[in-house]
Structures are given as structure tokens and as C-alpha cells.
Amino acid sequence: MNAARVDAKQGGGWLGAYVLAYLIFLYLPILLIPLFSFNDSIQAAFPLQGFTLEWYGTLYGNSALSSALATSLVIGAIAATGATLCGVTVSYMDLYGRSPLAATISAIARLPILIPGVIVGISLLILVNLAGFGPSRIAIVLGHVLVALPTTVVVMRSRFAAIPKTIREAALDLGASDWTTFRRVMLPLSLPAIISAFMLAFLTSFDEFIVAFFLAGTEPTLPLHIWSQLRFPKSLPTVMALGTSILAVSFLIAALAEMLRHRGLAATRRSAPANLSKPEETEGGELQWHST
């Protein structure tokens, strides 16, 4: 017994060391970007020359940067809305449609996450050229909906699966149609996850580069603007300052999205009674359940 415990402790120690080394390898290069963004030198090298906020000051009043940021915000909002609507529909039908077609569509919707971005970009470029509108903002929106769709499907599918099936069955037993059940019961219960899926889809669209590289017309997104500035060594500190700002905002949005998702799951676990009688319809047309 003691030998087994010793082996388990040694195995846990090696596993912890591996995880620590992996995290350092993964995140240390990212942490260097904020560090050099405050360095008083255009060279990203040690030793640091001093502390400065000059590079952050250059972000203001930059018309090209402002235009690229506005383009990314508009495209991100539209693409996230489309991906979220599709994700809600696809995931709900996958769980409750009980149709081979619904399951197939759900699998296809999650497939882009496994396909290399270059292949997706080239395929979409051929498609938009055949459609006649070529590289443009519309093309980027369509491409980003495709890229962000797997995220929304995964988030919404897990949320719908966490809702007790007895709630939906009680609504149907009361006489509510599938559409009424979906609109008045499932959507309100899934609202935190919907917001979370939208935020994650927005981040996916905002940070996406490869698909936008193939589909961008005369209006580059923010990642494309950053890539174009990397050709100029004097612009590197400004790019690092911009990258640090994007990292901070992305981290906050992702953390908030995760908090909303977990809060919704926790609320469902707390509010779901062990036994449900048939729901009653209130004067306002809402459905209400009472535990027995």
C-alpha cells in the first residue's frame, strides 16, 4: 500500500512538472509581448532600455488603425450574431429533433474546426468568386460565420443537454407546441449560454486572420492591419502595444463568457426540482412548474 502511494506521488510530481513546462512553453512567448510593449526601444531584445507609454500613445489618432478596428468590430458583431443563431438552431435540433438529418447537420457544423484554415480560406475564395461578389466584407462575414459556428454549436449543445428533459416534457404535456416550448422555456433557460456563445464567436471572428486574408477586399480587418505593419521594423513596438491591448480585452471577454456559461449551468442545477408536476400557465402566458 505504501509503495503504491509513493508511486502515485512520484507520478503526480512528474505530471505537475510536465504541465508547468507545457504552460511555460505555451504562454511565455505571449507574456513577452506586453513586456516589450513598455520597453523604450524599437528592438524587442534584452536588456530592456527603460519604461515608456509612448507606443500606446501612437495608437490614438491612427486613421488606418481606426478603420481596421471599425471593420473588425462590424464584421465580428454580424458574424457572431449569425453564428449564434445557427448554433442555437443546430444544437437544439440535434438534441430534440431526433432526426438523422439533424445529427448530420450538427456534425457538419462542427467540422470546420478540424479543417486547416488555409483550405477553408481557399475554398471560400473560390465560392465567393463563383457567386460574383468576390473578396469583400460580405465574404469575410460568411467565412467568419463558418469559422465561429463550431464554437457556438459546442457551447449551446452542452447547455441544452444540461437542461432537465422533464422541463421540456412537462411543457409539451401541458399542450405547448414545439415552437412555444423552444421560445418560452428553452431559450430563457439558455440565455447565459447564448450570450457566452455570442461573445466567444465574436472573439473568434475578431482574432481570425487566415480566412480574412483570402477574403478581404479593400477593407482590411485589424489582424490584417497588424500583419501589414510587421514589415516595418519601426512599427514593431506599436504593434506590440496594440497586441497587448487586444490580449487584455480578449481575456476579459473570454473570462466573462466562461463565467456566464458556468453561472447558467449552476442556476439550472439549483432550480431544477427532483420531481416535477405538470406546469401551470400564468395570466401572462408564461409556464410555471411546481415541485411535488
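Ser250 is placed in helix H12, where helices (H or I, at least four residues) are DSSP runs numbered from the N terminus. With a relative accessibility of 14%, Ser250 counts as buried, that is, under 20% relative accessible area with a 1.4 Å probe and protein chains only. Neighbours within four places in sequence aside, Ser250 is in contact (heavy atoms within 4.5 Å) with Leu203 and Asp207.

The model is predicted: local features need pLDDT of at least 70, side-chain atom pairs count only at pLDDT 80 or more, and totals for chains, interfaces and linings use all residues. Residues are numbered from 1 along each chain as its sequence is written, and side-chain values use heavy atoms, with hydrogens and water left out.

Helix H11 (residues 222–229) has 6 of its 8 residues buried, so it is largely enclosed by the rest of the structure. The buried residues of H11 are Leu222, Pro223, Leu224, His225, Ile226 and Ser228. Leu222, leaving aside neighbours within four places in sequence, is in contact with Leu65, Ala68, Leu69, Ser72, Phe206, Leu242 and Ile246.

A nonpolar core is a set of buried Ala, Val, Leu, Ile, Met, Phe, Trp, Tyr and Cys residues joined through side-chain atoms within 4.5 Å. In the largest, of 17 residues, Leu59, Leu222, Ile226, Leu242 and Ile246 touch the most other members. At least two residues of this core come from each of H2 (54–57), H3 (63–96), H9 (191–207), H11 and H12 (236–271). Apart from it lies another core of 15 residues, including Tyr92, Tyr96, Ala171 and Ala197.

Asn39 lies in the loop between helix H1 (2–37) and H2. Asn39 is buried, with a relative accessible area of 1%.

Definitions and conventions: Buried < 20%, exposed > 50% of the residue type's maximum accessible area, 1.4 Å probe, protein only.
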